[in-house]
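Biologist: I am new to this structure and would like to learn how to read its features. Could we take them one at a time?

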Amino acid sequence: MECSLCDEPAVLRQAYSGKHVCETHLYESVESRVKSRIREDDLLEGDERWVVGVSGGKDSSVLLDVLARTFRENPSVEIIALTLDEGIEGYRDEAIEASRELADSLGVRHEVVEFEDEFGVRVDDEVAEADGKPCSYCGVFRRTALNRHAERLDATKLLMGHNLDDVAGTALMNFLDGGVDRMARHYSASLSTEETDEFVRRAKPLRDVPEKEVAVYAQLKDLPVYLEECPNAEGATRRDVHEMLMEFERKRPGTRHSVVSAYEEMASQLDWDSAEVAACDRCGEPTSADTDLCRSCSMLAEVEEM
Ligand code: SF4
């Protein structure tokens, strides 16, 4: 099969656009969607210091690759890769090595933050033993550590490598859970820093690119990527939702795009008051005004009591 845009052999079919694309046009298409998203979300507001959360997996690695090469010659944009080491033996070590190799090859500053230094716990021991569900702890600690270190690094934005499938899956899960508050908070967190000045603004510039295209991009570019899944990954619901979405996508190409735009439209109309944010009594990080401790510190307190 030939590329729909030139005579080269196609490497991928984009059912939602009706096109087949060759290697060169796949790269162009991924890069142009990241650039469009940066423009649409107004991520370039002046001198920028972007902290990119890089796990060593394909999504964040592709995002870092695209950003570093796109803004290499732009003196207004500084990029720092930030990797968390949750303390998961045999998994995170190799992922960190992959992220370090990628950052070095792109000439990007790379920082690693260890849970043990940050919270005094490792997922492998105390946290995992706490209730047998490490993701519930780890996820909260991850968000806190990313936010804290984005602030420490004076980041103007914290960029995450979530792809279209991730974002559509999260949207659908929030619908299924009836998580109206969560929808409103997610939307609020993506507003400008003036409106939520307690947080470093988060953004997902890869969110218009389907997971398969990210995977093929990483493979064809031979990026150093660690492909194993975390041994603690729970995610049964997320997997079910993903399968459901892909089933719809096969029958009705473009379903993921529709789910995301419907979710954003709905979330934008929900009434979330960002003034309901207060400082945690223990660490000073933002938390909701009706609690003394943020979720990380509440969980840490639970772990310490065990
Ligand atoms: Fe942490 Fe769970 Fe993600 Fe593993 S899968 S890194 S335990 S949140």
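Biologist: Which residues of α6 are buried?

Modeller: This is a predicted model. An α-helix has 3.6 residues a turn, so residues three or four places apart point the same way. In α6, the buried residues include Pro 134, Tyr 137, Cys 138, Val 140, Phe 141 and Thr 144. Further along α6, Ala 145, Leu 146, Asn 147, Arg 148, His 149 and Ala 150 are buried too.

Biologist: How many residues does α6 have, and what distance does it reach from its first C-alpha to its last?

Modeller: Helix α6 runs over residues 134-152, which is 19 residues, and it reaches 26 Å. That is close to the 27 Å expected at 1.5 Å a residue. Just after α6, Asp 154 has a positive phi of about 55°.

Biologist: Why is His 149 counted as buried?

Modeller: Because its relative accessible area is 10%, and buried means under 20%. Setting aside neighbours within four places in sequence, His 149 contacts Leu 82, Val 113 and Glu 118. His 149 and Leu 82 are 67 residues apart in sequence, yet 8.3 Å apart in space, C-alpha to C-alpha.

Biologist: How is the packing of two helices described?

Modeller: By the angle between their axes and the distance between the axes. Here α1 (residues 23-40) packs with α2 (residues 58-70) at about 75°, and the axes are 10 Å apart. The two helices are therefore roughly perpendicular. On the α1 side, the contact is made by Val 30, Glu 31, Val 34, Lys 35 and Ile 38. Helix α2 brings Val 66, Leu 67, Arg 69 and Thr 70. Sorted by type, the residues of this contact are 5 nonpolar, 1 polar and 3 charged.

Biologist: What is Trp 50 in contact with?

Modeller: Beyond neighbours within four places in sequence, its contacts include Ile 38, Leu 43, Leu 44, Leu 67, Phe 71 and Ile 79. Glu 78, Thr 156 and Lys 157 are also among them.

Note on methods
Residues numbered from 1 in each chain as written. Predicted model: local features only at pLDDT ≥ 70, side-chain atom pairs only at ≥ 80, totals over all residues. Heavy atoms only, no water. Axes fitted to C-alpha atoms, helices over the stretch in contact; angles between N-to-C directions. Helix = DSSP H or I, 4+ residues; strand = E, 2+ residues; numbered from the N terminus. Parallel < 35°, antiparallel > 145°, perpendicular 65-115°, else oblique. Contact = heavy atoms within 4.5 Å. Nonpolar A, V, L, I, M, F, W, Y, C, P; charged D, E, K, R; others polar. Expected span 1.5 Å × (residues − 1). Buried < 20%, exposed > 50% of the residue type's maximum accessible area, 1.4 Å probe, protein only.
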